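The following note sets out points for a colleague who is examining the model below. Each numbered paragraph takes up one topic.

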Amino acid sequence: MKRSIKINEIIILSIVLAFLSTTVIFAQTVKPSPKTKAKTTKAQPKTVLTPTQNGPKAQVEIPAQAVEFFKKGQAHWKNLDIQDAIDAYTEAIKIYPNYMAALGERGTINFMIAKPELALPDFEAVLKLEPKNAKFLNYRGLTFTEIALKIKETEIFNKPAADNAQKALADFNSAIEIEPKNSSYYNSRGKLLLEFEFYHEAIVDFEKAILLEPKNEYAYTYLG
């Protein structure tokens, strides 16, 4: 029996979707798609491109059962059956631990339901497989930001909050270095800088985001 999502979870999802609206990701569209190459033979494992840490992308075989669980996760995620989606992605990952798509989507769901501590290991796993993935550097940076802000709520300017904020900043810097024309990365860094009262630096980032994307409502809001 499908679990029903609570009203407050829907509100959380709506807020975070708006926050991340400048990037096109599987979580935003709520239509995730597996990174698989079609192989028409039934009952055969599907071949996907999985990045290796020290070399070019190489073809590996993902077990068909893992792909099946991944598809179930997609279907549940599309219907906002949150826990069912997480459970399905978890089963896929148990079968194939380096399943980047499943790791990424499970991490994104946990981030969206305000569980950054659960999202972080999945983003770490993705970046271990593909260290220069700008998109997931940004996601991990956002996760570090949320962890830092949670800590900051109880004690301003404490070391754990500062450490997590510094990790977030490093991830945003790396993402911008890889994709300097992606406005969402400047928004992410600007939000972090704003929360920790680096106002001048935050203004620079939001203005850069607007320069790259003149109708960037998020940047205008925080710049104001």
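**Notes on the predicted model**

1. Ser188 has a relative accessibility of 5% and therefore counts as buried, the cut-off being under 20%. The model is a predicted one. Ser188 belongs to helix H9. Leaving aside residues up to four places away in sequence, Ser188 is in contact with Asn138, Leu142 and Phe172.

2. The contact between H8 and H9 provides the setting of this residue. Helix H8 spans residues 159-178 and helix H9 spans residues 183-195; their axes come within 9 Å and cross at roughly 160°. H8 and H9 are therefore roughly antiparallel to each other, since the angle is over 145 degrees. The crossing in which H8 passes H9 is left-handed. On the H8 side, the residues that meet H9 are Ala165, Ala168, Leu169, Phe172, Asn173, Ala175 and Ile176. On the H9 side, Tyr185, Tyr186, Ser188, Arg189, Leu192 and Leu193 take part. Sorted by class, this contact comprises 10 nonpolar, two polar and one charged residues.

3. Overall composition comes next. The chain contains 11 helices and three strands. In sequence order, these elements follow the pattern α-α-β-β-β-α-α-α-α-α-α-α-α-α. The chain has 224 residues, and 47% of them count as buried. Among contacts in the chain with a separation of 6 or more, 53% come from residues 24 or more positions apart. The accessible surface amounts to about 12,100 Å², and carbon and sulfur atoms account for 57% of this area.

4. How is the packing of two helices described? The description uses the angle between their axes and the distance between the axes. For helix H5 (residues 100-112) and helix H6 (residues 116-129), the angle is about 155° and the axes are 8 Å apart. H5 and H6 are therefore roughly antiparallel to each other. H5 passes H6 in a crossing that is left-handed. From H5, the contact draws on Met100, Leu103, Gly104, Arg106, Gly107, Thr108, Asn110 and Phe111. Their counterparts in H6 are Pro116, Leu118, Ala119, Asp122, Phe123, Ala125, Val126 and Leu129. By class, the residues of this contact divide into 10 nonpolar, four polar and two charged.

5. H6 also packs against helix H7 (residues 134-154), with axes that come within 9 Å and cross at roughly 155°. H6 and H7 are therefore roughly antiparallel to each other, and their crossing is left-handed. H6 contributes Pro116, Glu117, Ala119, Leu120, Phe123, Glu124, Val126 and Leu127 to this contact. H7 contributes Phe136, Leu137, Tyr139, Arg140, Thr143, Phe144, Glu146, Ile147 and Lys150. The contact of H6 with H7 has 11 nonpolar residues, one polar residue and five charged residues.

6. Ala114 is placed in the loop between H5 and H6, and its relative accessibility of 39% makes it partly exposed. Glu197 likewise has a positive phi of about 65° and is not a glycine. Glu197 is placed in the loop between H9 and H10. With a relative accessibility of 44%, Glu197 counts as partly exposed.

7. Is Ala101 buried or exposed? Ala101 is buried, its relative accessible area being 9%. Ala101 is part of helix H5. The C-alpha atom of Ala101 lies 8.3 Å from that of Phe70, a residue 31 positions away along the chain.

8. Leu211 is located in helix H10, which covers residues 199-212. At a relative accessibility of 64%, Leu211 counts as exposed, because the cut-off for that class is over 50%. The C-alpha atoms of Leu211 and Lys181 are 9.7 Å apart, while the two residues are 30 positions apart along the chain.

Definitions and conventions:
Residues numbered from 1 in each chain as written. Predicted model: local features only at pLDDT ≥ 70, side-chain atom pairs only at ≥ 80, totals over all residues. Heavy atoms only, no water. Axes fitted to C-alpha atoms, helices over the stretch in contact; angles between N-to-C directions. Helix = DSSP H or I, 4+ residues; strand = E, 2+ residues; numbered from the N terminus. Parallel < 35°, antiparallel > 145°, perpendicular 65-115°, else oblique. Left-handed = near helix turned anticlockwise from the far one by under 90°. Contact = heavy atoms within 4.5 Å. Nonpolar A, V, L, I, M, F, W, Y, C, P; charged D, E, K, R; others polar. Buried < 20%, exposed > 50% of the residue type's maximum accessible area, 1.4 Å probe, protein only. Areas by Shrake-Rupley, 256 points an atom, 1.4 Å probe, with all protein chains shown as cover.
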